[in-house]
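Please look through the model shown here before reading on. The notes that follow are numbered, and each takes up one topic.

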Amino acid sequence: MGESEDVTVSLHDSKASYILSNVAEVVERILTFVPTKSLLRIASVCRLWRNCARRVLRTQQQLTWVSACGPSNTEAHVLCSVLAEEVEVNHGKLFGALKDDVTLQFVLDNGSKKSRHSADTVEELSLLFPNGCDVMGITTLGVVLTPSGSYSSLPQEYQEGEAGFTIMFPSIEGVHIKPFHFCKESISPTALKEAGLVDNPELRVVLMFVYEAYKTGGAHFLSQILEPLAKSKALIAGGLVESVFSPPRHCCSQGAYGVVGLALSGPKVQGASVLLDQDISNPKAAEATIRRLKAAKIPERNTIGFMFACVGRGQTYYNNQANVEADAFHKVFPNTPLFGLFGNGEIGCDRIVKDDYTLCDTDTDGLQHEYTTVMTLVHLG
């Protein structure tokens, strides 16, 4: 190679180095062709590459989940061991390089020793997730879950045995998910505003789970939260649950009532819900009610279904027919995963939140129900 050729190669190398060190658009385009595992290593090279890798990971990440059912081989809940294996194998797929994900966990608590979360089990679950990842853990009298692996898997209702699921909400541009946790000591107009539940024009969906609501003062506490939300243009859905094991309680003593939940804001969030009331007691009527969700025309991609049902419904409510409402949802939305709970009360109504409008307003009383099911779609852009 001659001297002129050496100079040419050197110039090309210096130009390439300059571009790869300074031009984010080029680096980001190149990284779109790189596997997730390699992106995690690349993110440690320099600040530019780290920022580019994070942006690429944000576009690649989708909503993911891990489900588990059946007896566990350890003293911990079955979800704990299955989740540990899944995180070890697919950590990059589940979390990427992001540290601001939100994780929502439900486990069936039917009073058995294994289904109750000990302090050790809670700590083990929390250690599975990256630092800074908000983890919300809830125990209920029953769960509804879609098996891990496929959006089109048939969802299942569980009211006995061990079962649970973990949903990982990744950071998505145009979607802001903020956890909240209030009790009688911490609730205030300022706290509601800081959580994004009031005076937030971009609020679209609120998922809320109330615990120990039967205690004296619990009904008034719930009204304090629902009154401002009923007047908003957001979709409100959730239920009354047994307990919360994460985040840990700091403001109130054990046994006090409270609420945890997620406030979903941003222009890309859409939602729709329908109420299956006490008159809906056969599979045909359940399917017809759920089919009304089709009118909302919520996009299928990046959409998740939630089912919040009374513990009095389920198999016994439908003349010993199992999985009636989950089956009906799957028939209408075969490519949308469904998750949820059986609890001691339901929160929600018929409502569509899409673009800049809300269809159907209701008051506080119209959001609280018994012996019903609130079936909900949430789209994350």
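Is Arg291 buried, exposed or partly exposed? The first point takes this up.

1. Arg291. This is a predicted model, and the values below are computed from it. Arg291 has a relative accessible area of 38%. Buried would mean under 20% and exposed over 50%, so Arg291 counts as partly exposed. Its side chain meets that of Glu287 in a salt bridge, with N and O 2.7 Å apart. Glu287, at 18% relative accessibility, counts as buried. Arg291 and Glu287 both belong to helix H9 (residues 283-291), and because they are four residues apart there, about one helical turn separates them.

2. Arg292 and Asp350. A salt bridge also joins Arg292 to Asp350, and their closest N and O atoms are 2.2 Å apart. Arg292 sits in the loop between H9 and strand E13 (303-310), while Asp350 sits in the loop between E15 and strand E16 (351-354), so this pair ties together parts that are 58 residues apart in sequence. Arg292 is partly exposed at 42% relative accessibility, and Asp350 is partly exposed at 27%. Separately, salt bridges with shared partners link Glu287, Arg291 and Lys331 into one network.

3. Glu212. The count of salt bridges comes to five, and one of them is formed by Glu212 and Lys215, whose closest N and O atoms are 3.5 Å apart. Glu212 has a relative accessible area of 15%, so it is buried. Lys215 has 29% and is therefore partly exposed. Glu212 lies in the loop between E8 and helix H8 (218-230). The backbone of Glu212 also deserves a look: its phi is positive, about 55 degrees, although Glu212 is not a glycine.

4. Two other backbone details. Asn320 is another residue other than glycine with a positive phi, near 70 degrees. Asn320 is located in the loop between E13 and helix H10 (324-332), and with 56% relative accessibility it counts as exposed. Elsewhere, the peptide bond that joins Ser246 and Pro247 is cis, with omega about 5 degrees. Pro247 belongs to the loop between strand E10 (243-246) and strand E11 (258-265).

5. The sheet. How many strands form the open sheet, and in what order? There are six, in the order E7-E11-E8-E9-E15-E18, and their pairing is mixed. Strand E7 (176-183) and strand E18 (368-369) stand at the edges; each has a single partner strand, so one side of each has no neighbour in the sheet.

6. Strand E9. Seven of the seven residues in strand E9 (residues 235-241) are buried. E9 pairs with strand E8 (residues 203-211) in the parallel sense, over seven bridges. Within E9, Leu240 stands opposite Val210. E9 also pairs with strand E15 (residues 346-347), here in the antiparallel sense and over two bridges. In that pairing, Gly238 stands opposite Ile347 in E15.

7. In soluble globular proteins, nonpolar side chains tend to be buried together. The largest nonpolar core here has 39 residues, and those touching the most other members are Leu104, Ile138, Ile167, Phe169, Phe209 and Phe306. Another core lies apart from it and has 28 residues, including Val210, Ala213, Ala230 and Ala263.

8. A nonpolar patch on the surface. Which residues form the nonpolar patch on the surface? They are Tyr18, Ile19, Leu20, Val26 and Ile30, and together they have about 410 Å² of accessible area. Helix H1 (3-22) and helix H2 (24-31) are the elements that give two or more residues to the patch. H1 gives the most, with three residues. Leu20 is found in H1, and at 31% relative accessibility it counts as partly exposed.

9. Cysteines. A search of the whole structure for disulfides finds zero. Cys310 counts as buried, at 6% relative accessibility. Cys349 also counts as buried, at 7%.

Terms used. Residues numbered from 1 in each chain as written. Predicted model: local features only at pLDDT ≥ 70, side-chain atom pairs only at ≥ 80, totals over all residues. Heavy atoms only, no water. Disulfide = S-S within 2.5 Å. Buried < 20%, exposed > 50% of the residue type's maximum accessible area, 1.4 Å probe, protein only. Patch = residues over 30% accessible without salt bridge, like charges linked within 9 Å, V, L, I, M, F, W, Y side chains within 5 Å. Areas by Shrake-Rupley, 256 points an atom, 1.4 Å probe, with all protein chains shown as cover. Salt bridge = Lys/Arg side-chain N within 4 Å of Asp/Glu carboxyl O. Core = buried A, V, L, I, M, F, W, Y, C linked by side-chain atoms within 4.5 Å. Pairing = 2+ DSSP bridges.
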